[in-house]
Amino acid sequence: MDKRELQRLSQPVTDVYLGIEEQILLNIAKRLAKHNSLLMEDDIQSWQVQALSELEGLSQENIQFVSSQSGKTVEEVRKALEKAGYGMIEENENILKRAAKEGLLNDAPPVAESSAIASILASYERQSRETLNLVNSTMLNQSEQAYLDIINRTTGEVLSGVSTPQQALRKTVGEWAETGTPALIDKAGKRWSSEAYISTVMRSTSNNVANDMQEARFDEYGNDLVEVSSHSGARPKCAPYQGRIFSRSGNHPRYPPLSSTSIGEVAGLFGEQLTPN
């Protein structure tokens, strides 16, 4: 699928998570603002103890908010994957129907009645929910870490004489507000923002479901030959195959197997559109 279309489809889910991240940071700010600022000036360690006592309440507040957004998240994921998958099928459906009518391909059940397509969509929806549940857990855990870090760093800077209490608090809160609570911390220790990670996951999943549903529809019609789409600015691993016809089964006497291309490789044909031929 086109990158811009994938981005458009993923944006509603990304927006939900940007809203979650914003509310988590607001909840942190409200908890920090509860205690008398004079206490910070007079006894920073007493302020630290009082602020830390808010952690459990903050955690419960964030859990409840994330839970309240789960229905919206699931709905946006479902809509994105349906648009990606059925949109891809629709682009080729008239060609396939015409070929079947002319006796060149098998008859296929209506798209809405296809159990194969429904199964693929359900599988990707389930996979997406599992991934986003992990994101939820990471964001909640990191929101606790952010709160603890703000309190402890603020206290440390004041006790060491590096900053005044208000300067230290503004600095630490500002740093967390700028970086946000990560949606993923990978094996290399890289912290992925919710915007970057959710967008990446949804673009990849939308592209995969579109390709798999298209492949399933080709199978239902018994279509073997496909033509790789052509467009300007193709990646090096895609350019050599654009506009050419390939055999999905690899058994055609005239056309090379699709498996002989870069399909499935990183930066390969995985994201290209295949049309029946």
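Glu 215 counts as partly exposed at 24% relative accessibility, where partly exposed covers values between buried, under 20% relative accessible area, and exposed, over 50% (1.4 Å probe, protein chains only). The model is predicted, so local features need pLDDT of at least 70 and side-chain atom pairs count only at pLDDT 80 or more, while totals for chains, interfaces and linings use all residues. Residues are numbered from 1 along each chain as its sequence is written, and side-chain values use heavy atoms, with hydrogens and water left out. Helices (H or I, at least four residues) and strands (E, at least two) are DSSP runs numbered from the N terminus.

**Salt bridges**

- Across the whole structure, a search finds 15 salt bridges, a salt bridge being a side-chain nitrogen of Lys or Arg within 4 Å of a carboxyl oxygen of Asp or Glu.
- Glu 215 is joined to Arg 248 by a salt bridge whose closest N and O atoms are 2.9 Å apart. Glu 215 belongs to helix 8 (residues 194-221) and Arg 248 to the loop between strand 4 (245-247) and strand 5 (274-276), so this pair ties together parts that are 33 residues apart in sequence.
- Arg 248 also meets the side chain of Asp 219 in a salt bridge (2.7 Å, N to O). This pair, too, links distant parts of the chain, with Asp 219 in helix 8 and Arg 248 in the loop between strand 4 and strand 5, 29 residues apart.
- Asp 149 counts as buried at 19% relative accessibility, whereas Arg 153 counts as partly exposed at 28%.

**Packing of helix 6 and helix 7**

- The axes of helix 6 and helix 7 come within 8 Å and cross at roughly 150 degrees; axes are lines fitted to C-alpha atoms, for helices over the stretch in contact, and angles run from 0 to 180 degrees between N-to-C directions.
- That angle makes helix 6 roughly antiparallel to helix 7, a label given to angles over 145 degrees, with those under 35 roughly parallel, 65 to 115 roughly perpendicular and the rest oblique.
- Residues making the contact include Asp 149 and Arg 153 of helix 6 and Leu 169 and Trp 176 of helix 7, contact meaning heavy atoms within 4.5 Å.

**Nonpolar cores**

- The largest nonpolar core has 47 residues, of which Tyr 17, Ile 28, Leu 32, Trp 47, Val 135, Tyr 147 and Val 209 touch the most other members. A nonpolar core is a set of buried Ala, Val, Leu, Ile, Met, Phe, Trp, Tyr and Cys residues joined through side-chain atoms within 4.5 Å.
- Among the elements that give two or more residues to this core are helix 1 (3-33), helix 5 (70-101) and helix 8, and its largest share, 13 residues, comes from helix 6.
- Val 209 touches Leu 81, Ala 84, Gly 85, Ile 120, Leu 121 and Tyr 124, not counting residues up to four places away in sequence.
- A second, separate core of 11 residues includes Leu 96, Val 228, Phe 246 and Leu 258.

- Gly 222 is found in the loop between helix 8 and strand 3 (225-228) and counts as partly exposed at 40% relative accessibility.
- Leaving aside neighbours within four places in sequence, Gly 222 is in contact with Leu 105 and Asn 106.
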